[in-house]
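This report examines how the parts of one protein chain are packed and held together. Please study the sequence and the structure shown here before reading on.

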Amino acid sequence: MPKPAVDIKAAILVNPPKNGKYYVVAIDGRGGAGKTTLSKYLQNLLPAFKLICGDDYFEPITHPIAWGGYNEERFYNDIIKPIQAVSTEIDYRPYDWDNEPHFKDQIISITEGVFIDRCYSFSFDLDYDFKIWVETPRDLTLNRGVDRSTMPKDKAELVWRQLWKPMEDRYISDIKPLETSDLVIDGNKPFEQQAI
């Protein structure tokens with residue numbers, strides 16, 4: 001028998017925000033799990049919430065096989081520190097791969113809440129109001145990642161198999177997201193069948 005859909009909006013808003021000003025919600029999962037699709041779905045449910053997309057801080061790096069990686073220092077300074085300080089304005093600087101200047105400054109004003117859509121977001125030093133894990137089979141996320149890559153398929157598969165998947169495996173082993181999340185969403189099924 002299928003599980004009943006979860007009223008995710010009610011679950012997020014059931015208590016007042018811990019920081020006293022706005023809700024902080026993590027959306028985590030493997031690369032290719034469906035986090036961004038879920039984030040867009042949740043924004044329709046909670047349109048006053050702002051969305052921080054971790055991929056906006058994915059930039060070129062010097063690495064033997066990878067073409068890019070998260071700029072953790074910039075993400076911490078731009079996003080994590082202001083949210084830790086309960087700032088209502090964030091200087092959001094996404095990286096634009098295709099145009100110069102590559103950094104675009106924009107101010108995000110947080111009133112009711114913020115979604116942080118990023119791999120490894122459960123490990124950030126934030127007192128989340130709600131944590132969502134998108135559980136998607138490892139092989140499926142690998143195939144999705146390779147398919148959406150702009151690199152030649154053989155190179156993309158090398159990076160995903162040798163770099164991203166082992167990093168994710170270690171993170172999942174350490175963080176145990178299936179046990180520590182407030183809600184687990186199946187990334188292999190339509191979100192509207194699981195959440196209302």
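This is a predicted model: local features need pLDDT of at least 70, side-chain atom pairs count only at pLDDT 80 or more; totals for chains, interfaces and linings use all residues.

Because five of its five residues are buried, strand 7 is largely enclosed by the rest of the structure.

Strand 7 is paired with two other strands. Strand 1 runs parallel to strand 7 and is joined to it by five bridges; here Ala26 has Ile116 as its bridge partner. Strand 2 also runs parallel to strand 7, and five bridges join these two. In that pairing, Phe49 stands opposite Gly113.

## The nonpolar cores

How many residues make up the largest nonpolar core? This core has 36 residues, and those with the most contacts inside it are Val24, Ile52, Phe75, Ile79, Ile83, Ile116 and Leu126. At least two residues each are supplied by strand 1 (23-29), strand 2 (49-53), helix 3 (72-84), strand 5 (89-92), strand 7 (113-117), helix 4 (138-148) and helix 5 (153-175). Helix 5 provides the largest share, with six residues.

Leaving aside neighbours within four places in sequence, Ile83 is in contact with Tyr22, Val24, Ile90, Val114, Ile116 and Leu126. There is also a second, separate core of 19 residues, and among its members are Ile27, Tyr41, Phe49 and Ala195.

## A buried serine

Is Ser39 buried or exposed? Ser39, which lies in helix 2 (residues 35-45), has a relative accessibility of 0% and therefore counts as buried. Not counting residues up to four places away in sequence, Ser39 touches Ile27, Leu51 and Asp117.

## Salt bridges

Side chains of opposite charge can pair when their charged atoms come close. The model contains twelve salt bridges. One of them joins Asp127 to Lys18, with the closest N and O atoms 3.4 Å apart. Asp127 lies in the loop between strand 7 and strand 8 (130-135), and Lys18 in the loop between helix 1 (8-13) and strand 1, so this pair ties together parts that are 109 residues apart in sequence. Asp127 counts as exposed because its relative accessibility is 57%; Lys18, at 52%, also counts as exposed.

A salt bridge between Glu168 and Arg30 has its closest N and O atoms 3.1 Å apart. Since Glu168 lies in helix 5 and Arg30 in the loop between strand 1 and helix 2, the pair ties together parts that are 138 residues apart in sequence. Both Glu168 and Arg30 are buried. These two residues also belong to a network, in which salt bridges with shared partners join Arg30, Arg138, Lys165, Glu168 and Asp169. Elsewhere, the side chains of Lys104 and Asp96 meet in a salt bridge, at 3.5 Å from N to O. Lys104 is partly exposed, with a relative accessible area of 29%.

## Aromatic rings

The number of aromatic pairs is twelve. How are the rings of Tyr57 and Phe75 arranged? Their centres are 5.3 Å apart and their planes lie at 85°, so the pair is edge-to-face. Tyr57 is in the loop between strand 2 and strand 3 (58-60), whereas Phe75 is in helix 3, so the pair ties together parts that are 18 residues apart in sequence. Both Tyr57 and Phe75 are buried. Phe75 is also one of the residues with the most contacts inside the largest nonpolar core.

A charged group accompanies the ring of Phe75 as well: the charged end of Arg118 sits over this ring, 5.0 Å from its centre. Another arrangement of this kind involves Arg93, whose charged end sits over the ring of Phe103, 6.0 Å from its centre. Phe103 is in turn part of one aromatic cluster formed with Phe58, Tyr70, Tyr95, Trp97 and Trp164.

Conventions:
Residues are numbered from 1 along each chain as its sequence is written. Side-chain values use heavy atoms; hydrogens and water are left out. A nonpolar core is a set of buried Ala, Val, Leu, Ile, Met, Phe, Trp, Tyr and Cys residues joined through side-chain atoms within 4.5 Å. Buried means under 20% relative accessible area, exposed over 50%, partly exposed in between (1.4 Å probe, protein chains only). Helices (H or I, at least four residues) and strands (E, at least two) are DSSP runs, numbered from the N terminus. Contact means heavy atoms within 4.5 Å. Two strands pair if DSSP finds at least two bridges between them. A salt bridge is a side-chain nitrogen of Lys or Arg within 4 Å of a carboxyl oxygen of Asp or Glu. Rings of Phe, Tyr and Trp (its six-membered ring) pair if their centres lie within 6.5 Å; planes under 30 degrees apart count as stacked, over 60 as edge-to-face and the rest as tilted. A charge sits over a ring if NZ of Lys or CZ of Arg is within 6 Å of the ring centre and within 35 degrees of the ring normal.
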